[in-house]
Amino acid sequence: MTDLAQITAVLEAGYIGENPKDLQRASLYIYRALASGKPISIASIAEHLGTPLETASRLLNLVPPSAIELDDDGHIIGFVGLSLAPTAHRFETAERSLFTWCVFDALFLPSLIEQAATLHTTCPNSHTDIEIKVTSSSVAAIAPDSPVMSLAKTDTKSCCKDLRGAFCDQVNMFADQSAFDEWSLDRPNAISVSLSQAFALAQQRNAWRYLDVEY
């Protein structure tokens with residue numbers, strides 16, 4: 001199995017564990033509510049699903065703690081890649097500035113929140129500023145024009161234990177292939193893919209993750 005095939009298999013299997021239909025519905029609601037810039041209460045999720053609070057709580061307990069970020073009131077401010085808390089990857093919609101845990105998130109999120117967005121990030125090797133505009137169906141604009149994305153070889157168990165450490169923190173955008181090649185010399189678990197490959201993988205990730213619901 002190639003390195004990319006290994007990573008693809010993890011995404012297909014579900015890199016944050018169980019994912020029943022109601023959790024698919026809940027996660028779409030959380031993403032879209034976070035995109036409005038507001039923390040999300042468990043009560044609002046229960047109301048959206050039309051279930052008791054306890055049922056919504058049990059459902060969210062299927063999501064590993066490393067994939068949810070809470071504020072001091074216990075409200076969700078970060079969920080499987082989309083966050084209200086600042087990170088190195090700014091994710092700007094037409095209405096507000098949000099953040100992602102890695103650059104791959106910025107490629108799959110526009111389809112889920114039903115909004116175009118622009119990723120602002122920095123190449124960790126050359127420190128070049130990178131901007132990528134993404135719609136629900138395409139990469140609309142890129143600067144510079146030949147970036148590549150890193151991916152980390154990992155497994156579901158590691159992602160459930162520490163999603164950001166096992167995966168997100170190693171997934172960056174690079175100004176070009178040579179920048180990635182230099183950065184990855186001492187990172188044997190890292191591979192690179194073109195932006196078009198990364199976007200296609202992001203859309204496939206959504207199809208696998210939301211197999212039972214429309215988005």
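## The largest pocket

In this predicted model, the largest pocket has a lining made up of I42, S57, L60, N61, V63, P65, I68, L70 and I76. The space in this pocket comes to about 160 Å³.

Two elements, helix α4 (53-60) and strand β1 (68-70), each contribute at least two residues to the pocket lining. By class, seven of the lining residues are nonpolar and two are polar, while none is charged.

## The largest cavity

Cavities of 30 Å³ or more number two in this structure. The largest cavity holds about 60 Å³ of space. Around the largest cavity lie I16, N19, L23, S27, Y31, V63, F79, V80, R205, R209 and Y210.

Helices α2 (21-34) and α9 (195-209) each provide at least two residues of the lining of the largest cavity. The largest share, three residues, belongs to α2. The lining of the largest cavity contains seven nonpolar residues, two polar ones and two charged ones.

## The second largest cavity

For the second largest cavity, the volume is about 30 Å³. Its lining consists of I7, V10, L11, Y15, T154, C159 and F167.

Helix α1 (residues 3-13) makes the greatest contribution to this lining, at three residues. Six residues of the lining are nonpolar and one is polar.

Key. Residues numbered from 1 in each chain as written. Predicted model: local features only at pLDDT ≥ 70, side-chain atom pairs only at ≥ 80, totals over all residues. Heavy atoms only, no water. 1 Å grid on protein atoms, 1.4 Å probe; cavity = no way out; pocket = protein on both sides within 12 Å on 5 of 7 lines; lining within 4 Å. Points joined across faces, edges and corners; volume = space filled by probe spheres on them. Helix = DSSP H or I, 4+ residues; strand = E, 2+ residues; numbered from the N terminus. Nonpolar A, V, L, I, M, F, W, Y, C, P; charged D, E, K, R; others polar.
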